[in-house]
Amino acid sequence: MCYIVFLILIITMIILVFSGIVLWIILPGGFSGLKGAKFFLGLNRDFWNDLHIVSGIVFIVSGIVHILLNWNWIKNVTKIIIRRRISR
């Protein structure tokens, strides 16, 4: 299960970065943009914006699930770190 969640996190991160670059550089809002481009890879700005928002939501939910699945590990490592700092 952790592996699947990790893969979802990686894939959605890649989509977020790519769609963010497309929205920022190639299809920015307003009158600027790459020579007035209205489409990129045959898809308009609204599609890229929706893709960015949906993948962002999936990324956040997957991140929360990832933390919940690894909560015992997080607690144990935190205890070890605190013990080492106290013992110094």
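This is a predicted model: local features need pLDDT of at least 70, side-chain atom pairs count only at pLDDT 80 or more; totals for chains, interfaces and linings use all residues.
User: How are residues numbered, and which atoms count for side-chain values?
Analyst: Residues are numbered from 1 along each chain as its sequence is written, and local features need pLDDT of at least 70, side-chain atom pairs count only at pLDDT 80 or more, and totals for chains, interfaces and linings use all residues.

User: How many aromatic pairs does the model have?
Analyst: Rings of Phe, Tyr and Trp (its six-membered ring) pair if their centres lie within 6.5 Å; planes under 30 degrees apart count as stacked, over 60 as edge-to-face and the rest as tilted. By this rule, the count is 4 aromatic pairs.

User: Is the pair of phenylalanine 18 and phenylalanine 40 stacked, edge-to-face or tilted?
Analyst: The ring centres of phenylalanine 18 and phenylalanine 40 are 6.3 Å apart. Their planes stand at 45°, so the pair is tilted.

User: Is tryptophan 48 buried or exposed?
Analyst: Buried means under 20% relative accessible area, exposed over 50% and partly exposed in between (1.4 Å probe, protein chains only). Tryptophan 48 has a relative accessible area of 4%, so this residue is buried.

User: Is tryptophan 24 buried or exposed?
Analyst: Tryptophan 24 has its place in helix H1, a DSSP run (H or I, at least four residues) numbered from the N terminus. Its relative accessibility is 66%, so tryptophan 24 counts as exposed.

User: Which residues form one aromatic cluster?
Analyst: Phenylalanine 40 and tryptophan 48 have ring centres 5.9 Å apart and planes at 50°, so this pair is tilted. The cluster is formed by Phe18, Phe40, Phe47 and Trp48.

Notes:
Side-chain values use heavy atoms; hydrogens and water are left out. Helices (H or I, at least four residues) and strands (E, at least two) are DSSP runs, numbered from the N terminus.
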